[in-house]
Amino acid sequence: MDEITITFESIYEVLRAEKKSDELTKIDEQFFGHVSTYLGSKQRAALEDDELSLKQISNIKRMITEIFERREAKLIKLAMHAARLHSNFVDKAKLLPFELDLFLELNTALQENRSKVLDQAIKAKLTVFVD
């Protein structure tokens, strides 16, 4: 993928898109790496008494956190839905590499738990005791 230019506005646009959509949005595979580089340069350039720069840095951190947490919540929902269908199929086009790894791990854990508890209970073979 081509090199992307990160700005305060571009981070805000990614956040806005994540807020607007119930599904994961497509973002550059290196988005968080580029944002980290951008934030580092902003922090190095900011003077301690520069209120505007410090406020912008704080806002950038808040936006990055919100983007990450929104994507994380959507990913968890995807994994739960796939586990209910006994599937690990997911449209990989919108997932970042670390998100795909997390999806697969969550999906496996959810399917194993579902099989161990729910499927066995339905078959009247529950061996797990629940308090």
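Let's start with the loop between helix 1, residues 8-20, and helix 2, residues 31-45, where T25 is found. The model we are looking at is predicted. Is T25 buried or exposed? Its relative accessibility is 13%, and buried means under 20%, so T25 counts as buried. What does T25 touch? If we leave aside its neighbours within four places in sequence, T25 is in contact with A17, E18, R71 and K94.

Side chains of opposite charge can pair when their charged atoms come close. How many salt bridges does a search of the whole structure find? The search finds eight.

With a relative accessible area of 10%, K74 is buried. For E18 the relative accessible area is 1%, so E18 is buried.

These bridges belong to a network: E18, R71, K74 and E99 are linked by salt bridges. Keep E99 in mind, as the name comes back in helix 4.

R62 pairs with E66, and the closest N and O atoms are 3.7 Å apart. Where do the two residues lie? Both are in helix 3, four residues apart, which is about one turn of the helix. An α-helix has 3.6 residues a turn, so residues three or four places apart point the same way. R62 is partly exposed, because its relative accessible area is 45%.

E66 has contacts of its own. Leaving aside neighbours within four places in sequence, E66 is in contact with L15 and K19. As for R114, 48 residues from E66 along the chain, the C-alpha atoms of the two are separated by 30 Å.

That brings us to helix 4, residues 97-122. How far apart are the end C-alpha atoms of this helix? They are 36 Å apart, and at 1.5 Å a residue the 26 residues should span 38 Å, so the two values agree. The helix does bend, by about 35° at S115.

Which residues of helix 4 are buried? Among them are E99, L100, F103, N107 and D119. The buried residues of helix 4 pack against helix 3, residues 51-84. Just after helix 4 comes A124, with a positive phi of about 60°.

Last, the surface. L110 is found in helix 4. Its relative accessibility is 32%, so L110 counts as partly exposed. Together with I76 and M80, L110 forms a nonpolar patch on the surface, and the three have about 210 Å² of accessible area together.

The network they belong to includes E99, one of the buried residues of helix 4.

Methods: Residues are numbered from 1 along each chain as its sequence is written. This is a predicted model: local features need pLDDT of at least 70, side-chain atom pairs count only at pLDDT 80 or more; totals for chains, interfaces and linings use all residues. Side-chain values use heavy atoms; hydrogens and water are left out. The expected span of a helix is 1.5 Å times one less than its number of residues. The bend at a residue is the angle between axes fitted to the seven residues ending there and the seven starting there. Buried means under 20% relative accessible area, exposed over 50%, partly exposed in between (1.4 Å probe, protein chains only). Contact means heavy atoms within 4.5 Å. Patches are made of residues with over 30% relative accessible area and no salt bridge: like charges are joined within 9 Å, nonpolar side chains (Val, Leu, Ile, Met, Phe, Trp, Tyr) within 5 Å. Accessible areas come from the Shrake-Rupley method with a 1.4 Å probe; for residues, only the protein chains shown count as cover. A salt bridge is a side-chain nitrogen of Lys or Arg within 4 Å of a carboxyl oxygen of Asp or Glu.
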